[in-house]
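Visitor: I'm new to this one. Could you show it to me and take a few questions?

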Amino acid sequence: EVSSREIDVIWLSAQGLDNEAIAQALGITETTVNSHWRNIGAPRGMTRKQARGWAREEARRVRVEGSV
């Protein structure tokens, strides 16, 4: 299960923000953003970097399916 804060991180990443900008937008540290990426990726057997790529692709897929 993904937390609401992790969803925020995914959403901002899908908007093109990097980890530093995500941290600033959410008022958290970049270390915390990285922790969220680990939490998102670990259950899926992914690294932080892989989780970020996966999240961006999922967000794009949802947007495309939602616009049909």
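Visitor: At what angle do helix 2 and helix 3 pack?

Guide: This is a predicted model, where local features need pLDDT of at least 70, side-chain atom pairs count only at pLDDT 80 or more, and totals for chains, interfaces and linings use all residues. Residues are numbered from 1 along each chain as its sequence is written, and side-chain values use heavy atoms, with hydrogens and water left out. Helices here are DSSP runs (H or I, at least four residues), numbered from the N terminus. The axes of helix 2 and helix 3, lines fitted to C-alpha atoms over the stretch in contact, lie 8 Å apart, and the angle, on a scale from 0 to 180 degrees between N-to-C directions, is about 105°.

Visitor: Which word describes how helix 2 sits relative to helix 3?

Guide: Angles of 65 to 115 degrees get a label of their own. So helix 2, relative to helix 3, is roughly perpendicular.

Visitor: Which residues in helix 3 does helix 2 meet?

Guide: Contact means heavy atoms within 4.5 Å. From helix 2 come N19, E20, I22 and A23. On the helix 3 side, they meet E30, V33, N34 and W37.

Visitor: Is N34 buried or exposed?

Guide: N34 is found in helix 3, and beyond its neighbours within four places in sequence it touches N19 and R48. Buried means under 20% relative accessible area, with a 1.4 Å probe and protein chains only. N34 has 16% relative accessibility, so it counts as buried.

How values were computed: Helices (H or I, at least four residues) and strands (E, at least two) are DSSP runs, numbered from the N terminus. Buried means under 20% relative accessible area, exposed over 50%, partly exposed in between (1.4 Å probe, protein chains only). Angles under 35 degrees count as roughly parallel, over 145 as roughly antiparallel, 65 to 115 as roughly perpendicular and the rest as oblique.
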